[in-house]
Amino acid sequence: FGTYRAASYHQLVDHPVEMGTWESVEFTTEGVPHQMAITGRARFDRERLARDLAAVCGEHLRMFHAAPHGDGAIPIARYLFLTTALGDGYGGLEHMDSTSLICKRDDLPKPSPTSTPLTEPSDGYRSFLGLCSHEYFHLWNVKRIKPAAFSPDRLDGERYTRLLWAFEGVTSYYDDLALVRAGVINVDSWLELLGRTATRVLRGAGRKRQSIADSSFDAWIKFYRPDENTPNAVVSYYTKGALVALALDLIIRKATDDRCSLDDVMRALWTRHGKTGVGVAEDGVEKIASEVAGVELRQFFDEYVRGTADVPLGPLLAPYGIELVLRPAESDHDQGGKGAKKPKEDLAARGVLGVTVGTGDDGAHLAHVHDGGAAQAAGLSAGDIVMAVDGLRATRGNLARLCGERAPGACVHVHAFRRDELLELDVVLKAPEHDVAYFTLRAGDVAADQKRAAWLTPGKTT
């Protein structure tokens with residue numbers, strides 16, 4: 001099937017190779033041929049997958065390279081998605097002109113009659129498209145635009161940078177943004193995804209202790225080596241980085257009366273660093289962002305990148321007719337992004353322990369005990385197994401309900417095992433945090449609708 005030659009060892013190891021039987025999906029966007037090779041048993045709608053991927057990839061290509069703002073110099077001649085479909089799985093790894101993906105086969109678009117009108121993607125398919133979008137954006141941001149600490153690439157030791165938030169966090173902002181700009185999902189769907197991201201950030205007490213700059217630098221020893229205290233000590237430079245990228249985009253738009261945006265920052269990074277191969281200095285993103293905004297952004301970076309302040313999403317999104325709402329969680333599985341089925345008052349009236357329950361059939365295994373929670377105040381620790389609450393057997397499935405039947409401030413008697421030692425503790429339940437986020441659109445605001453359309457309308461890049 002041909003002879004292939006790599007120009008260097010680095011190029012060789014950066015090109016994954018697969019030999020076998022696969023399903024092929026091919027499409028061309030902005031003149032560039034693309035292919036997705038899917039390994040594993042899966043039935044899916046080829047036409048829809050090709051159409052949606054072409055729209056998403058085209059959106060990224062146009063943002064960087066289309067006139068009048070782009071340079072026209074697309075850096076790839078062909079792009080390949082290598083996808084393994086499994087019963088359960090999710091993840092991806094970027095390469096110079098390809099990506100290796102794992103997905104659930106049920107997340108691929110289901111076959112449907114050609115006469116059936118296109119519907120909004122299912123939750124699983126939307127997640128898969130976001131993964132494809134994320135790894136494709138890395139074609140620029142990581143594989144070509146990269147920190148000076150990673151230039152040149154070295155494989156013989158760890159490399160440290162405080163900029164991972166700008167590479168993974170900014171990419172995590174653009175992966176879902178491209179879906180709505182490309183018209184693959186609608187604005188309400190995008191706001192749901194944004195609400196889920198905000199919820200993941202708000203639920204971690206680690207955001208109050210670690211900045212995303214420090215999280216980037218400590219990725220080797222903390223982020224990729226999680227333990228039972230990770231939620232209390234570590235913030236994700238992916239998720240909070242995405243919120244910081246959103247905030248930076250909106251602040252640049254405000255400073256320039258919507259003439260410039262984070263898009264311009266990314267294009268400047270591409271022109272000065274991606275095309276030239278010159279690594280980005282530790283203060284390089286901040287300097288370019290300040291240059292594009294026309295104002296000094298040191299305070300922004302001090303507070304939200306080098307500091308631990310929460311990103312003020314509500315005030316920043318208000319001019320675009322988007323309102324932030326916070327509420328207590330309905331259950332341990334509440335991902336946010338939507339309003340609750342029960343009134344906020346009812347949810348706030350439930351007592352909570354402040355724990356995350358892990359797997360295990362013999363009681364409720366505490367995977368995490370959250371800072372400031374009732375369980376921590378009473379002396380429970382991660383690894384303890386709660387066996388009973390007020391004399392009733394506790395399990396993974398009913399612990400939250402047993403506590404939720406009591407009001408905040410109520411005292412419950414808990415039996416738990418720590419290793420082979422039985423503990424008896426009185427726990428004073430606390431009120432749940434309002435840490436689940438969702439966003440709503442403000443009706444009847446024409447000016448806000450126009451601003452939002454210029455930012456999110458399909459095919460629009462400023």
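The lining of the largest cavity divides into nine nonpolar residues, no polar and no charged. Here Ala, Val, Leu, Ile, Met, Phe, Trp, Tyr, Cys and Pro count as nonpolar, Asp, Glu, Lys and Arg as charged, and the others, Gly among them, as polar. This is a predicted model: local features need pLDDT of at least 70, side-chain atom pairs count only at pLDDT 80 or more, and totals for chains, interfaces and linings use all residues. Residues are numbered from 1 along each chain as its sequence is written, and side-chain values use heavy atoms, without hydrogens and water.

**Cavities**
- The whole structure holds two cavities of 30 Å³ or more. On a 1 Å grid over the protein atoms alone, a cavity is a set of points where a 1.4 Å probe fits but cannot get out; lining residues have an atom within 4 Å of a point. A volume is the space filled by probe spheres set on the points, which are joined across faces, edges and corners.
- α10 gives the largest share of its lining, four residues.
- The second largest cavity has about 30 Å³. Its lining is Glu 59, His 60, Met 63, Tyr 174, Ala 178 and Arg 181. These divide into three nonpolar, one polar and two charged.
- Helices (H or I, at least four residues) and strands (E, at least two) are DSSP runs, numbered from the N terminus.

**Around Val 17**
- Val 17 sits in the loop between α1 and β1 (23-29).
- Val 17 is exposed, at 69% relative accessible area. Exposed means over 50%, buried under 20%, partly exposed in between (1.4 Å probe, protein chains only).

Technical notes:
On a 1 Å grid over the protein atoms alone, a cavity is a set of points where a 1.4 Å probe fits but cannot get out, and a pocket is an open set with protein on both sides within 12 Å along at least five of seven lines; lining residues have an atom within 4 Å of a point.
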